[in-house]
Amino acid sequence: MSDEAKQVAAKQEAVHWLLRTRAGDMDEIEWDAFTRWLEVSSDHAIFLDEAEAADDWTVENTANLSAPLSELSESDAPQPEAANDNQMMRFLPLAGMVAAAVAIFALWPSAAPTATLITTQPGETQTVAVSDEIVMTLNGGSKVTLVEAETRVQIARGEVSFAINADEPSPLRVEVADLVLTDYGTIFNVVLNDASVSVAVAEGIVGINPENENVQVQAGEKVTKALDDGKLVRERVDSETVGTWSQGRLEFDNTPAQEAVAMLERSIGSRVTLAEVLKGETLTGTLIVSEDDSETVAQFAEFLGAQARPERVSGARTVWDVR
């Protein structure tokens with residue numbers, strides 16, 4: 001995308017955010033996305049101010065603009081301005097200002113693209129078509145917002161895998177924590193929990209914060225960022241194991257036990273607790289997720305040389321104690 005096209009897109013986004021903030025019904029996810037959009041570039045705040053100034057001008061001058069041009073008196077007609085007069089709307093001829101006003105009022109009810117909230121319960125997966133070429137699959141306990149018109153996905157929690165069937169870089173934009181992900185013909189997996197966000201790539205390349213650091217994650221790589229740290233930590237992974245949870249298979253590779261528990265809980269409808277002595281252990285191997293949680297948890301316990309027993313029921317979820 002050329003610099004000019006990026007600027008046009010950013011100005012369109014500014015109009016979108018102006019309308020959303022003035023609508024007064026933004027939820028926490030949208031406010032977070034708005035804040036991240038402002039932080040991406042200092043130009044965004046400038047474009048937002050320009051959009052607000054244009055809209056304020058329109059509101060103040062609606063009556064005059066709605067009158068037929070033939071009814072304007074000479075005193076109402078546009079007067080020549082000094083060459084150094086930089087008030088934004090005075091650069092436009094009257095016809096252009098009329099068009100701008102009409103556009104703003106015409107777009108006000110519908111300019112904000114529709115955002116769809118998608119959630120899954122623990123043990124539940126859901127596959128969603130983002131576009132004809134892009135499919136995302138949510139693991140259990142996930143929450144995302146899809147803005148289909150913008151090919152944009154905001155991840156609020158959980159695990160989501162993406163598969164893009166295209167030879168060219170796709171328009172997909174994934175916003176997670178304070179990261180913006182872009183795609184270059186890819187299969188990749190994103191995990192957001194209370195402590196960190198990670199991006200693992202099976203095929204192709206994923207760009208992180210392309211307008212700033214522009215970090216590229218290649219196939220067979222995983223980048224993790226602690227939410228309270230800010231550093232991106234890169235490591236090698238087996239690309240064949242990325243996102244295999246969507247096929248009912250959990251792959252452990254020297255995985256810390258508590259991280260493995262989080263992986264397990266996303267894939268089943270039960271909760272799992274570990275005895276204190278097991279929390280420092282690691283797991284390696286493949287766990288097949290069964291439709292029967294008791295079988296799956298029993299297999300998981302075997303990786304740790306332990307046993308699992310149902311301890312109590314929390315809401316509608318069984319809590320398994322592994323020790």
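## Strand 8 and its partners

Strand 7 and strand 8 run antiparallel and are joined by ten bridges. Strands here are DSSP runs of E with at least two residues, helices are runs of H or I with at least four, and both are numbered from the N terminus. Two strands pair if DSSP finds at least two bridges between them. Ile-187 stands opposite Glu-203 in strand 8. Three residues form the hairpin link from strand 7 to strand 8.

Strand 8 has other partners. Five bridges tie it to strand 10 (residues 221-226), and this pair runs antiparallel. There, Ser-198 has Thr-224 of strand 10 as its bridge partner. Strand 8 also runs antiparallel to strand 9, with four bridges. Ile-208 is bridged to Val-215 in strand 9. Six residues lie between strand 8 and strand 9 in their hairpin, and Asn-209 in the turn has a positive phi of about 45 degrees. Ten of the 13 residues of strand 8 are buried, so the strand is largely enclosed by the rest of the structure. Buried means under 20% relative accessible area, exposed means over 50%, and partly exposed is in between (1.4 Å probe, protein chains only).

## The model and the whole chain

This is a predicted model: local features need pLDDT of at least 70, side-chain atom pairs count only at pLDDT 80 or more, and totals for chains, interfaces and linings use all residues. Residues are numbered from 1 along each chain as its sequence is written, and side-chain values use heavy atoms, with hydrogens and water left out.

The chain has six helices and 16 strands. Of its 323 residues, 39% count as buried. Contact means heavy atoms within 4.5 Å. Among contacts between residues at least 6 apart in sequence, 47% join residues at least 24 apart.

## Two nonpolar cores

A nonpolar core is a set of buried Ala, Val, Leu, Ile, Met, Phe, Trp, Tyr and Cys residues joined through side-chain atoms within 4.5 Å. The largest one has 29 residues, and Met-136, Ile-155, Phe-162, Leu-181 and Phe-188 touch the most other members. Strands 3, 4, 5, 6, 7, 8 and 9 each supply at least two residues of this core. A second, separate core has 22 residues, including Leu-283, Leu-304, Trp-320 and Val-322.

## Helices 5 and 6

In helix 5 (residues 257-267), the buried residues are Ala-257, Ala-260, Val-261, Met-263, Leu-264, Arg-266 and Ser-267. Their cover includes strands 5, 7, 12, 13 and 14, along with helix 6.

Helix 6 has its own buried set: Asp-293, Thr-296, Val-297, Phe-300 and Ala-301. They span an arc of only 140 degrees around the axis, which puts them on the same side of helix 6. The arc is that of the directions from the helix axis to the C-beta atoms. Just after helix 6, Gly-305 takes a positive phi of about 65 degrees.

A polar contact of 3.2 Å joins the side chains of Gln-154 and Glu-175. Such a contact is a pair of N or O atoms within 3.5 Å; within protein, one must be able to donate a hydrogen and the other to accept it, and residues adjacent in sequence count only if both atoms are side-chain atoms.

Val-242 sits in the loop between strand 11 and strand 12. Val-242 is buried, at 13% relative accessible area.
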